[in-house]
Amino acid sequence: MGFLDISHVTKSYGNVQVLHEVDIAVQEGEFLVLVGPSGCGKSTLLNMIAGLEAISSGDISIKGRVINGVHPSKRNIAMVFQSYALYPNMTVGQNMTFGLEMHGTPKPERDRALAEVAKLLQIDHLLDRKPGQLSGGQRQRVAMGRALVRNPDVFLFDEPLSNLDAKLRVDMRTEIKKLHQKLKTTIVYVTHDQIEAMTLSTRIAVMNKGYVQQLGTPKEIYDTPANLFVATFMGSPAMNILPAKVVMQDGAPHAEIADADGARRLLRFSQANLAGWAGRDILLGIRPEAITDPEGADRKSANIQPFGNRVTVTEPAGSDTYVTMSLSGRDVIARMRADAAVVPGQVFDFAVNMEKAVAFDPATELRIPA
Amino acid sequence: MSAVTQDTAVRTGRVTRTFIYLVLLLFALFYLLPFFVMLVNSVKPLAEITGGNMMALPRTWTFEPWHSAWSTAQIGVEPTGLKPYFINSIIMVVPAVAISTVLGALNGYVLTKWRFRGDTWVFGLMLFSCFIPFQIVLIPMARMLGLMGLAGSTPGLVLVHVVYGLGFTTLYFRNYYAAFPTELVRAAMIDGAGFFRIFWRIMLPVSGPIAVVSVIWQFTNIWNDFLFGASFGDQDSQPMTVALNNLVNSSTGVKEYNVHFAGAILAALPTLFVYIVAGRYFVRGLMAGSVKG
């Protein structure tokens, strides 16, 4: 039983089911991020929590009170919209206190709440302006301020950063995280940006095609993705997925792959139970940062294996250098230190951290659990 | 129109340009001519009109025709002037414009922000009313007004004009509100505002341009309407347009052309006034909905 309970919730439009049996229990003070590609149902789920869309079946409850069919304004939630949705005809101050006014809060109390939140968000000097006179970042703050003033049980964020330019987005992301750490509020946050999901959340629900693919901490999602979709959706550049065969050598399971020149190569698994897959095909998943130059390899890892391979392309990105090579006929990206001396067309000695490797069942696309 | 204006007009020589302006001036004069004739002849004694050139300036200036048209001229059988009918028109136009605009705004609000099954059909049917010729509804409308006990009264005329105007005002407001972000309405819902509170506090304050369009459109149409006024109005409710007709067509005595001219200008003044006051918002409002819609 959570603070915000989403149990067996589905949503259908006519015969089309867009959300299938969603079950999430959000604890008090948790920052849950719903992440997924467009049309995965994440915004629909958020709107159902807000009460802007009806629930087809299942229950949503806040603090143990089932809120199906309760009017949005009576759920004690506040929402920050993608477009900020500031009332253009009202000043910043009026925008922020509109909700309190509608709920019949007396004026002195409204002013006190407004002053408090304005100070917290450093927008005290903007209170008399109209939204049209604000910059994107300021509007964003006002939109959050409007939510904060109400002091709701649950905050709902609908892709709040997607209208900002890249630099401001990173700043506001930090700002939101700071705010959450300070206020310990319960937040449900929708985004399609997996970096936002990783950096902000205490837990992530990765969604696709109306199903929650995986629910877990950012680390769980990143290191032990439940299936191929989660593995490739989370992380940038995406996890390298290549076909491999499990073979036994010296009593340990190895992944048999082909290098750039077509030669047959073996990489020893850390995951012992893959012995059960001996002789069968799997999909091997290796994150770009698990393939490095030997000096850049993770010193704490117990299973770093040298792997010489011919380099196709190098892409220096300043902080890192991305190196593309071919493995088992697929393009594989490695993330190297910026000053690694990699030359395209030549063979380079990579170090593969097999402790971080994961294996997927090619038939079900599910990860083979350790 | 845009802030960054670039002169993309074709460069023309001085001679061509002068020619163009001359032609334009000529057209402007041509269009002003009728008004000039009306104005000039409304301040002449009748003898000057019947005895001489209609285009000439008055030799003796007199405002007697204006006074006569306003308060003493024979309208039908009563020598009342246009004054009581002018008041009839005002009493009819103001509520009719206000009611049809407010209802149109509410319709537009519901049709865009509180959508329901079949709403496009409802809107389509309302649009139909823009295309129904006045003459078709005369007899059914007379029957309805009779049944409602509103025949020959100002409230009856107000009702007729509201019903007829609703199609247009709904169209204007619907298109304008279609471009209005729905997220604002949702935010207001979460903030706890109800149906009318959202309309009043969020939608109406930004509806200025389209309200002006609706008011101008409705005002001109209702003020200038003759058919409904003549059909459904009686002595106490006939509008200005009908009175003007009765003034000009009165069959007894001499035709007082100067009084007729003055009366016609009086009848046109209110619409002129509305255009001058609100006209610059008119185009802006007409554009606003269509660009994004």
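Let's start with a term: a residue is buried when its relative accessible area is under 20%, exposed when that area is over 50%, and partly exposed in between (1.4 Å probe, protein chains only). By that rule Asp119(B), at 6% relative accessibility, counts as buried. Its side chain meets that of Arg115(B) in a salt bridge, 2.7 Å from N to O, where a salt bridge is a side-chain nitrogen of Lys or Arg within 4 Å of a carboxyl oxygen of Asp or Glu. Arg115(B), on the other hand, is exposed, with a relative accessible area of 56%.

A word on the ground rules. This is a predicted model, in which local features need pLDDT of at least 70 and side-chain atom pairs count only at pLDDT 80 or more, while totals for chains, interfaces and linings use all residues. Residues are numbered from 1 along each chain as its sequence is written, chains are lettered from A and ligands numbered from 1 in the order in which they are written, and side-chain values use heavy atoms, with hydrogens and water left out.

Now for the place where the two chains meet. Chain A puts 27 residues into the contact and chain B 15, contact meaning heavy atoms within 4.5 Å. Together they bury about 1800 Å², 61% of it on carbon and sulfur atoms; buried area here is the accessible area (1.4 Å probe) that two parts lose on being put together, summed over both. Two salt bridges cross the interface. Glu101(A) forms a salt bridge with Arg201(B), with the closest N and O atoms 2.9 Å apart. On the chain A side, helix 1 (42-50), strand 6 (77-80) and helix 2 (92-102) each supply at least two residues. Helices (H or I, at least four residues) and strands (E, at least two) are DSSP runs, numbered from the N terminus. Helix 2 of chain A gives the largest share of that side, four residues.

Strand 6 pairs with strand 7 (residues 154-158) of chain A in the parallel sense over four bridges, pairing being called when DSSP finds at least two bridges between two strands. Ala78(A) stands opposite Phe155(A) in strand 7 of chain A.

Further along chain A, five strands make an open antiparallel sheet in the order 15-19-16-17-18. Strand 15 (291-292) and strand 18 (330-337) of chain A stand at the edges with a single partner strand each, so one side of each is left without a neighbour in the sheet. Strand 15 of chain A pairs with strand 19 (residues 347-353) over two bridges, and Thr292(A) has Ala351(A) as its bridge partner there.

What about charges around this sheet? The side chains of Arg337(A) and Asp293(A) meet in a salt bridge of 2.6 Å, N to O. Arg337(A) lies in strand 18 and Asp293(A) in the loop between strand 15 and strand 16 (304-316) of chain A, so the pair ties together parts 44 residues apart in sequence. Arg337(A) is partly exposed at 36%, whereas Asp293(A) is buried at 1%.

Lys356(A) forms a salt bridge with Asp223(A), the closest N and O atoms being 3.8 Å apart. Lys356(A) sits in the loop between strand 19 and strand 20 (358-360) of chain A and Asp223(A) in helix 7, so parts 133 residues apart in sequence are tied together.
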